[in-house]
Amino acid sequence: MLVKIKKSTKLQETLSGYLFVAPAVLILATFTFAPILYSIFLSFHKVRILGEIQYRFVEFKNFARIWSDERFWIALKNTAEYVLLVVPIQTALALVLAALLNAKIKGRKLFRVLLFLPTVTSSAVLVLIFIWIYNSNGLLNNFLAFLHLPTYNWLGDPNVALKSIAIMNIWSTAPFFMVIYLAALQDIPESLYEAARLDGASAIDQFFTITLPLLRPVTLFAVVVGIIGTFQLFDQSYIFSGGSGGPNNSTLTLVLLIYQYAFKNLEMGYASALALILALVILISTLIQRRFFQTEKL
Amino acid sequence: MKGISLIRAIFVLLLVFLTACGSTDSATVVKLSGWQSSPAEKQLLEGVLRDFEATHPSIKVKFEVITDQYMDAIKTRLIGDAAPDLFYLDALEAPLLMRSAVLEPLDPYIRPEDEVADFEPAFLKAFQNGGKTYGLPKDFSTLALFYNRDLFAQAAISDPPKTWEQFIADAQKLTRDPNNDGRPEQYGFGLIPELARNSFLLKALGRDLTNRQGYAIFAHRRSLKGLQSLVDLYRGTPNGKHSITRAAAVPSDVGASSGSEMLGQGKTAMVIEGSWAIPYFKETFPKLQFATAEIPTPGRKPGTMAYTVAYVMNKQSKHKQAAWEVLAYLTGKEGMEAWAKGGLVLPARRSVLTRLGYDTNPLYAPFVAGAKYATIWQGGETLSIINTHFNNQFLSALLGEQSLQQAMQKAQDSANREIKTSNY
């Protein structure tokens with residue numbers, strides 16, 4: 001009898017367990033897993049989506065086309081350039097800002113709020129404001145001219161357009177990582193620094209031998225999340241170029257390219273193939289970083 | 001028991017309420033989507049629709065404005081079976097939609113009193129495919145030369161340029177650099193470096209943009225002569241035989257967002273723009289003394305661009321007859337006249353064009369004249385690919401990264417390669 005009761009309660013527990021996770025599983029299945037599977041399915045097909053929907057199995061032709069697609073390589077190069085420019089600077093800047101705000105300076109709460117504001121502002125609004133700032137006769141050029149520095153056509157010159165977006169994004173995302181660094185900094189026990197000081201370590205020694213190693217997991221987090229975020233650059237370059245990726249493809253990113261193929265040319269199959277490749281690129285770069293930062297777990 | 005009866009009572013009440021709502025509103029609702037260039041444009045159209053509803057009490061029209069990325073939104077809605085009954089369609093996008101069989105052919109609905117022959121034939125043709133008519137043009141706009149009369153007087157130029165050589169010469173005369181810093185404060189010509197604005201130059205001097213298979217063929221020496229002179233005007237050719245000083249700017253050079261803004265702010269003395277700029281200047285720059293003229297003849301033949309938009313019907317529409325009534329009214333003489341009074345665009349019917357006096361109005365006459373020889377901004381489905389490659393490479397030639405011939409050859413090759421690889 002006792003065993004039987006135990007069994008039935010166990011079954012009941014299992015059932016109610018599944019019942020509890022059911023909503024989450026259902027939502028994830030419909031909005032995450034099903035689209036992923038469908039997108040894998042699409043990437044092996046040539047799809048006609050307007051009018052009557054038609055799928056035609058084309059094996060790996062979508063992927064073969066990526067190889068010979070000039071714009072894909074341009075987009076990949078732009079995106080990689082952007083990632084390499086933004087991630088190190090934004091991570092370093094976040095660390096410096098956090099270290100400054102961790103010091104006992106006056107009005108640091110105010111500074112924290114001020115620095116964090118760009119992160120909570122909508123990126124679309126930021127881009128519009130920055131388009132004004134970057135205007136040929138705008139704030140930035142006037143400021144540079146005032147200091148007798150060279151001025152640029154920030155929006156129209158293919159050589160600087162992507163850098164304009166990078167500057168803006170560093171400014172707006174660095175504070176997010178700053179807050180995370182700040183929390184981690186306050187977790188480092190004061191006693192370590194005290195011991196180091198007794199041993200005669202300078203402030204710089206302390207920073208490189210105590211602070212930086214202890215912040216390693218946070219740095220891994222900041223770099224990984226930063227790289228994933230920057231690889232997916234879309235809205236800023238979309239608004240900047242009015243959706244074209246111009247001037248002269250200089251702000252064409254992978255996600256923008258995917259958008260153009262999917263919604264402008266309605267080539268869903270090819271766009272899905274591109275999206276898979278992007279996912280693969282991000283996956284590989286994340287794995288490389290994990291190796292790079294060794295086996296620290298998040 | 002009491003609880004159940006209460007719920008039932010509420011349910012019955014709700015049912016009565018809902019059906020009552022339905023029965024008071026028995027009119028068929030036709031959904032119409034479009035874009036707007038200004039709030040005034042929307043008000044104008046809503047006025048026309050109110051007139052329609054007054055004479056057709058059984059039909060109500062719900063007008064919805066899609067403010068950004070219009071075609072992306074419409075295409076997505078067509079795919080999701082959520083498209084409106086009627087919508088605007090630019091000639092540029094017509095070939096794809098006509099071929100995809102998402103538009104209702106209008107031929108069975110057209111009656112003799114609709115006087116289809118009254119439409120400018122070239123514009124109607126833009127919405128015909130395989131012997132079927134898929135849309136009736138609502139309006140059009142061509143490009144013409146806008147110039148600042150005060151700046152012309154300052155430079156002692158009495159008339160707008162008629163030939164391309166005069167145009168190049170005038171543009172240089174109109175360029176001024178009072179503070180001598182090498183960056184002119186006033187340019188002769190404001191250039192929009194896009195294929196959509198300049199493809200008539202290719203045709204006027206050489207050949208078409210594409211061949212029958214949809215492949216690009218524009219990178220021909222003769223076709224590029226017009227564009228070359230624009231590049232020369234933009235970069236200046238100080239060492240050549242016929243030296244040209246830098247006399248053109250693109251909007252971002254002078255911190256403007258459009259050609260009309262450049263002219264309005266006095267940054268340039270001439271721009272090539274559409275008739276939509278006329279109400280814009282009157283509203284935004286009331287002090288500007290501007291006039292219009294036909295585009296200087298680039299070769300032996302005159303040339304300009306024409307953009308036309310039609311009303312089309314969704315094949316999935318549930319109220320096709322009602323939608324047709326709306327379409328016929330809006331593109332009919334009465335509806336079109338009420339719509340085209342605003343002066344943003346010109347009516348696609350010749351009779352309305354004459355009745356509103358646009359062909360004799362000095363500001364609008366160059367646009368009307370242009371309609372006869374204009375190149376309609378439309379191509380096969382490959383046009384969007386060609387457009388992207390052209391714009392990128394043309395900009396690069398303007399910036400001096402490569403010669404125009406090189407840039408255009410590259411644009412043509414890469415566009416054709418992309419067209420080829422996308423066929424499988």
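**Pocket, interface and salt bridges**

The second largest pocket has a volume of about 910 Å³. A pocket here is an open set of points on a 1 Å grid over the protein atoms alone, where a 1.4 Å probe fits, with protein on both sides within 12 Å along at least five of seven lines. The volume is the space filled by probe spheres set on the points, which are joined across faces, edges and corners. This is a predicted model, in which local features need pLDDT of at least 70 and side-chain atom pairs count only at pLDDT 80 or more, while totals for chains, interfaces and linings use all residues. Residues are numbered from 1 along each chain as its sequence is written, chains are lettered from A in the order in which they are written, and side-chain values use heavy atoms, without hydrogens and water.

**Pocket lining**

- The lining of the second largest pocket comprises 33 residues, and Thr210(B), Ile376(B), Gln378(B), Gly379(B) and Gly380(B) lie nearest its centre; lining residues have an atom within 4 Å of a point.
- Two or more lining residues come from each of α4 (94–99), α5 (121–125), α8 (195–205) and β13 (375–376) of chain B; helices (H or I, at least four residues) and strands (E, at least two) are DSSP runs, numbered from the N terminus.
- The most is given by α8(B), with 5 residues.
- By class, the lining has 14 nonpolar, 12 polar and 7 charged residues; Ala, Val, Leu, Ile, Met, Phe, Trp, Tyr, Cys and Pro count as nonpolar, Asp, Glu, Lys and Arg as charged, and the others, Gly among them, as polar.

**Interface of chains A and B**

- In chain B, 31 residues are in contact (heavy atoms within 4.5 Å) with 35 residues of chain A.
- About 2,600 Å² is buried between the two chains, 47% of it from carbon and sulfur atoms; this is the accessible area (1.4 Å probe) lost on putting the two parts together, summed over both.
- Ile79(B), Asn392(B) and Tyr424(B) lose the most area in chain B, together 27% of what that side buries.

**Salt bridges**

- Over all chains the structure holds 22 salt bridges, each a side-chain nitrogen of Lys or Arg within 4 Å of a carboxyl oxygen of Asp or Glu.
- Arg65(A) and Glu267(A) form one (2.9 Å, N to O).
- Glu70(A) and Arg417(B) meet in a salt bridge (3.0 Å, N to O).
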